[in-house]
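Here are some friendly notes to read alongside the model. Please keep the structure open as you go through the points.

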Amino acid sequence: MIHVVAILTAKPGKGPQLLAALSQVVPQVHAEQGCIEYQPVTDAESAGPSQDKIGPDSLVVIEKWETIDDLRAHSASAHMAEFGKAAADLIAGKTVHVLD
């Protein structure tokens, strides 16, 4: 199984718009071959003093894929290319960790 932790940082004040745009493609991603989990998440309100918040303009996408080829197909999908174009003006940066 392949695990992905993608951290997307929006331009200042654009976090909610970025989350809304990404949420639009979630059903399409869930329908992809090999998708086990794909969920954008934001900070929990308060998990206590050990919590390090990512902030209002960042979100994390938690992903699980059956194989690396499934992940590659996801990355090359038309709906993700469309999301990339739609969100280009919202994103300030991203970090993607691919783990097995």
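The points below cover the ground rules, the strands and the salt bridges.

1. This is a predicted model, where local features need pLDDT of at least 70, side-chain atom pairs count only at pLDDT 80 or more, and totals for chains, interfaces and linings use all residues. Residues are numbered from 1 along each chain as its sequence is written, and side-chain values use heavy atoms, with hydrogens and water left out.

2. Have a look at strand E1 (residues 2–10), where side chains alternate. Ile2, Val4, Ala6, Leu8 and Ala10 point to one face and are buried (under 20% relative accessible area; exposed is over 50%, partly exposed in between, with a 1.4 Å probe and protein chains only). Strands (E, at least two residues) and helices (H or I, at least four) are DSSP runs, numbered from the N terminus.

3. E1 pairs (at least two DSSP bridges between two strands) with E3 in the antiparallel sense over 8 bridges, and Ile7 has Val60 as its bridge partner in E3. E1 also runs antiparallel to strand E4 (residues 91–99), joined by 8 bridges; here Leu8 stands opposite Lys94.

4. How many salt bridges (a side-chain nitrogen of Lys or Arg within 4 Å of a carboxyl oxygen of Asp or Glu) are there? The count is 2. One joins Glu37 and Lys64, with the closest N and O atoms 3.7 Å apart. Glu37 lies in strand E2 (residues 35–41) and Lys64 in strand E3 (residues 58–65), so this pair ties together parts 27 residues apart in sequence. Glu37 is partly exposed at 29% relative accessible area, and Lys64 is partly exposed at 27%.

5. Asp69 and Arg72 also form a salt bridge, at 3.2 Å from N to O. Both lie in helix H2 (residues 68–75), 3 residues apart, about one turn of the helix. Arg72 is exposed, at 52% relative accessibility.
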